[in-house]
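Have the viewer ready and go through the points in order.

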Amino acid sequence: MSLQRTLPGDILVVDDNSDSRTWARVRLQQAGYVVREARNAKQAFAEIARQLPDLILLDVLLPDLDGFEITRRLRRDSALASIPIILLTVLDDRDSKIRGLEAGASDFLTKPPDHAELLARVETLLNLRRNQSELLREKTKIELLYRISRELSRELNLETLLSRILELTIPTLGASRGSLILLDKQGGILRHIFARQERGATVTDEVRGKIIQNGLAGWVIQHQAGEIIADVRADPRWMVAPGPSAPTGSAIAAPLIHQDRCTGVLTLIHEETDRFTPADLDLLYSIGSQAAVALVNAQLFWTIEQEHSRMEAILVGTADAIIATNEAQRITLLNPAAEQVFGVTLDQVEGRSLEEALPSEPLIAAFRRAEATSRPTPPTELTLPDGPTLFFTVSPVAAGPKGERGWVAVLQDITHLKELERMKNAFVSTVSHDLRSPLVTIHGYAELLSKMVDEEGKKFTQTILTTAKEMSDLVQDLLDLGKIEAGMGTDREPCRVEELVLKALKAFELQARSKEIHLATKITPVAHPVEGNPVQLRQVVDNLLSNALKYTPSGGSIIVRVWEGGGQVRVEVEDSGVGIPRKALPQIFDKFYRVPRPETRDVPGTGLGLAIVKAIVEQHGGEVWVKSELGQGSTFGFSLFPSAES
Ligand code: ADP
């Protein structure tokens, strides 16, 4: 080891014979060792107490205590137990060697020793001892690092962690005080904390900026390496903050490196010069790596906490009611708005099923639908008994560390909108009702008039008749819709949809023929009648057929399908007509919506037919849909549940 040359051993020669002592001293000094001498046991113990030797060359026969006893005593003291002892004996017999070994001697030499043998044994033992101490130091260092890393990994609070890093490191390296700089992703200072700093010392942002530019910390950041300053007065990288500061002699600093990025700098200070060794730097570097990991964890934890608080603030603050369930379909969350709407607290319902906790049929049905389809449900209305009307959807969400699935319902209170709509409907239906009688009068007189006038006058009266017809259609549609929305026509009976469809087709046959449109049916026998209002259901089919005829040019075709699927009776009317642009589809069932296209501009209509279809079907618990391709044709459909008695 190279250490042997730089640190020659300190050897204590204990012998009562001055010639032997001198002989050994001269030989050893020539080999570069420092030699101390003792004549007897008493002097030997005094020398050892003054300073621990690296090796003892011990004569067995001494005037006060023999070498065996001295060895025994030394071995009993833990501080001295590891000093190598070579026993010098004239007696080259087995017994002495056994006694010596029992006492704890490391080796033997027969007196007078051979010069070369003496040096060889001394050197071997000293090397062994140095290796041992090296190992011991490594072991202590590993234990220390383990303790520090355990302590640090337990701490997740960033502020506490920063101080803890300094608190643990300062005594470990025997420093007087220290500081820790934490850098942000852009290399700016995120935190700068001190431990045992002189009160009143002020480190302004300006000084801080200089420190990470040209100071020791800056050097460490730029080189991503640790550094020792043996004497701060002789090194321009040491910057003194204005104000009172404790005496500083030497400094040591190491980077905190995580994933090849310097995330901070750990600096320790001693008031005396030349206090830190390369071994200290090595240790500080290792502590720095542990600290960097702990800091990253704490920062991650902090970010997650922040995110969590933000989400919580949103959930608490939002006016929409939110309900979440987990994979096992148990309630995991109810925000304050939901607590208020349903009149329960999260504590009361957490971990329970919806059926138990919030027995609302539409809500449960929507959750089941989202679970079955793994897709968000279409918006649904829910009116709570004596409570608000809510508009809601249920969506699947992936949550949790393993992407566990759950479902979330967001419910919006639309009570005030419903009230507005009710008022508007009441107004429309009153106006429509009042318009009906004057329109009948206009129609009647126009018809009378047409018989009394000449050809020119007939043209005018025809216009009056057409306009009056359009107006009364509109009024009729408005009244129909008003009635449906008011919940009229709810008397139900089992209806056979296929029969209803065939009757409707018959009624449109003539119209289809005159427009040269081919009418076809594809009816699969349906086992169950549906529970419905036959007049209203006929109106649904009539409206769809009438539209198909209106929006299909001559020579086209219409096919009506009836079948049973997914436990429901389904009807579709498919035409080869003008089709509907994709962006118009979402509004197609809205009241008064008409597709603004030149080819259908002259087709008479109110924009209420499909709204009536939707209102009737939904009132029957069914669904409507549309598929269409512009220029290719459209398919409108609806489904109804079979009657319960069937
Ligand atoms: P309208 O009285 O205008 O026909 P509807 O509510 O029945 O009112 O239909 C709304 C709009 O939807 C129509 O104006 C038309 O633009 C479009 N539409 C309805 N059915 C069809 C269809 N079969 N083919 C193409 N467009 C259609």
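1. A term to begin with: a residue is buried under 20% relative accessible area, exposed over 50%, and partly exposed in between, using a 1.4 Å probe and protein chains only. Arg-150 is partly exposed, with a relative accessible area of 42%. This arginine, Arg-150, lies in helix H6. Arg-150 and Gln-290 are 140 residues apart in sequence, and their C-alpha atoms are 9.3 Å apart in space.

2. Some ground rules. This is a predicted model, in which local features need pLDDT of at least 70 and side-chain atom pairs count only at pLDDT 80 or more, while totals for chains, interfaces and linings use all residues. Residues are numbered from 1 along each chain as its sequence is written, and side-chain values use heavy atoms, with hydrogens and water left out. Helices (H or I, at least four residues) and strands (E, at least two) are DSSP runs, numbered from the N terminus.

3. Now go to the ligand. How many residues surround the ligand? There are 20, and the closest are Asn-547, Tyr-551, Asp-575, Arg-594 and Leu-610. A residue is near a molecule if one of its heavy atoms lies within 4 Å of it. By type, the shell divides into 10 nonpolar, 7 polar and 3 charged residues.

4. Next, the polar side chains at the ligand. The side chain of Tyr-551 has an N or O atom 2.8 Å from an oxygen atom of the ligand. For Asp-575, a polar side-chain atom lies 2.8 Å from a nitrogen atom of the ligand. In the side chain of Ser-634, an N or O atom is 3.4 Å from a ligand nitrogen atom. A polar contact is a pair of N or O atoms within 3.5 Å; within protein, one must be able to donate a hydrogen and the other to accept it, and residues adjacent in sequence count only if both atoms are side-chain atoms.

5. How much of the ligand does the protein cover? On its own the ligand has 530 Å² of accessible area, and the protein covers 97% of that. These areas come from the Shrake-Rupley method with a 1.4 Å probe; for residues, only the protein chains shown count as cover.

6. Which elements give two or more residues to the shell around the ligand? They are helix H18 (534-550), helix H19 (609-619) and strand E22 (633-640). H18 gives the most, with 3 residues.

7. Two buried residues come with side-chain partners. Glu-572 is found in strand E20 (residues 568-575) and is buried, with a relative accessible area of 6%. The side chains of Glu-572 and Trp-625 are joined by a polar contact of 2.9 Å. His-192, in strand E7 (residues 189-195), is buried with a relative accessible area of 15%. A polar contact of 2.9 Å joins the side chain of His-192 to that of Arg-208.

8. Some backbone details to check. The peptide bond from Lys-111 to Pro-112 is cis, with omega near -10°, and Pro-112 is in the loop between strand E5 (107-110) and helix H6 (115-154). Gln-259 is not a glycine, yet has a positive phi of about 45°. Gln-259 is in the loop between strand E9 (250-258) and strand E10 (261-270), and at 70% relative accessibility counts as exposed. Gln-329, also not a glycine, has a positive phi of about 60°. The loop between strand E11 (321-325) and strand E12 (331-334) holds Gln-329, which is partly exposed at 30% relative accessible area.

9. Finally, two pairs to trace. Glu-564, in strand E19 (residues 557-565), counts as partly exposed at 29% relative accessibility. From Glu-564 to Glu-499 is 65 residues in sequence and 14 Å in space, C-alpha to C-alpha. Gly-387 is in the loop between strand E13 (380-383) and strand E14 (389-399). Gly-387 and Arg-129 are 258 residues apart in sequence and 87 Å apart in space, C-alpha to C-alpha.

Notes
Nonpolar A, V, L, I, M, F, W, Y, C, P; charged D, E, K, R; others polar.
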